[in-house]
Amino acid sequence: MAFLPDGDILVTERPGRLRIVAKDGTLGAPVSGLPAIYAAGQCGLLDVVLDPRFADNGVVYFSYAEPAPAGESGNSTAVARARLAGNALTDVRTIFRQRPKVASNAHCGGRLAFARDGRLFVTLGDRFTRKDDAQTLDNHHGKIVRIEPDGRVPADNPFAGRAGALPEIWSLGHRNVQGAAVHPVSGELWISEH
């Protein structure tokens with residue numbers, strides 16, 4: 001859920017719908033332009049946040065369970081950015097994909113939070129069947145990643161440049177982070193998980 005500058009609310013629905021709820025409570029039609037979303041169990045359309053400069057650029061970020069390409073199996077949590085124009089998304093571009101994709105309907109994570117420096121934190125569940133992966137640095141299961149708004153990896157991430165480690169990883173050993181916020185005074189990332 002994200003509060004728009006005019007007081008309306010942008011809301012995600014797990015089955016794969018994004019809607020605008022007006023200040024008076026009126027539920028708008030689904031926003032068009034979303035990519036294909038895998039919706040089953042705990043997976044689907046997950047979180048949405050506004051770009052820190054949304055008033056100027058109209059950019060939103062959303063996380064979702066992305067199905068594997070045709071002929072392959074599984075799904076993974078992904079993050080896309082797009083422009084919100086009325087009741088439609090335009091210029092949709094996926095900027096991050098959890099690796100590897102797995103056949104699981106659980107522990108997708110998917111919370112998004114912007115740090116004070118404009119970088120984006122993304123929480124990623126261990127996918128339940130891959131919980132041991134949370135302790136290794138060669139995959140995204142059970143991790144929090146930190147990326148630039150365009151998907152690039154910040155050079156000062158803690159594991160950037162370390163052999164065998166995915167450089168976007170910020171922290172590891174998580175089960176399924178479903179709450180994330182940046183503390184308004186300290187600027188630290190605070191999370192809650194199950």
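The model is predicted, and local features need pLDDT of at least 70, side-chain atom pairs count only at pLDDT 80 or more, while totals for chains, interfaces and linings use all residues. Residues are numbered from 1 along each chain as its sequence is written, and side-chain values use heavy atoms, with hydrogens and water left out.

We begin with the sheet. Strands here are DSSP runs of E with at least two residues, and helices are runs of H or I with at least four residues; both are numbered from the N terminus. Four strands form an open sheet in the order S4-S5-S6-S7, with antiparallel pairing; two strands pair if DSSP finds at least two bridges between them. S4 and strand S7 (88–97) each have a single partner strand and stand at the edges, so one side of each is left without a neighbour in the sheet. From one strand to the next, the twist averages 25 degrees, where axes are lines fitted to C-alpha atoms, for helices over the stretch in contact, and angles run from 0 to 180 degrees between N-to-C directions.

The pairings can be followed strand by strand. S4 and S5 run antiparallel and are joined by four bridges; leucine 50 has valine 60 in S5 as its bridge partner. S5 is joined to S6 by nine bridges, again in the antiparallel sense, and the partner of valine 60 in S6 is alanine 82. Seven bridges pair S6 with S7, where leucine 84 has leucine 89 as its bridge partner in S7.

How much of S5 is buried? Eight of its nine residues are buried, so S5 is largely enclosed by the rest of the structure. Buried means under 20% relative accessible area, exposed over 50%, and partly exposed in between, with a 1.4 Å probe and protein chains only. In soluble globular proteins, nonpolar side chains tend to be buried together.

A nonpolar core is a set of buried Ala, Val, Leu, Ile, Met, Phe, Trp, Tyr and Cys residues joined through side-chain atoms within 4.5 Å. The largest such core has 20 residues, and those with the most contacts inside it are Leu10, Leu18, Val60, Phe62, Leu84 and Leu89. Two or more residues of this core come from each of strand S3 (17–21), strand S4 (45–50), strand S5 (59–67) and strand S6 (75–85). S6 gives the largest share, four residues. Another core, of 13 residues, lies apart from it and has Phe96, Leu112, Phe114 and Val145 among its members.

Rings of Phe, Tyr and Trp (its six-membered ring) pair if their centres lie within 6.5 Å; planes under 30 degrees apart count as stacked, over 60 as edge-to-face and the rest as tilted. By this rule there are three aromatic pairs. One of them joins phenylalanine 62 and tyrosine 64 in a tilted arrangement, 5.7 Å centre to centre with 40 degrees between the planes. Phenylalanine 62 is buried at 0% relative accessibility, and tyrosine 64 is buried at 1%. The pair of phenylalanine 121 and tryptophan 170 is edge-to-face, because the ring centres are 5.4 Å apart and the planes stand at 70 degrees. Phenylalanine 121 lies in strand S9 (residues 120–124) and tryptophan 170 in strand S11 (residues 169–172), so this pair ties together parts that are 49 residues apart in sequence. Is each of these two residues buried or partly exposed? Phenylalanine 121 is buried at 6% relative accessibility, whereas tryptophan 170 is partly exposed at 31%.

Most residues other than glycine have a negative phi, and most peptide bonds are trans. A cis peptide bond joins arginine 99 and proline 100, with omega about -5 degrees; proline 100 is in the loop between S7 and strand S8 (112–114). Aspartate 91, in strand S7, has a positive phi near 50 degrees and is exposed, with a relative accessible area of 56%. Phenylalanine 128, in the loop between S9 and strand S10 (143–147), has a positive phi of about 70 degrees. Lysine 131 lies over the face of this phenylalanine 128, at 5.1 Å from the ring centre; a charge sits over a ring if NZ of Lys or CZ of Arg is within 6 Å of the ring centre and within 35 degrees of the ring normal.
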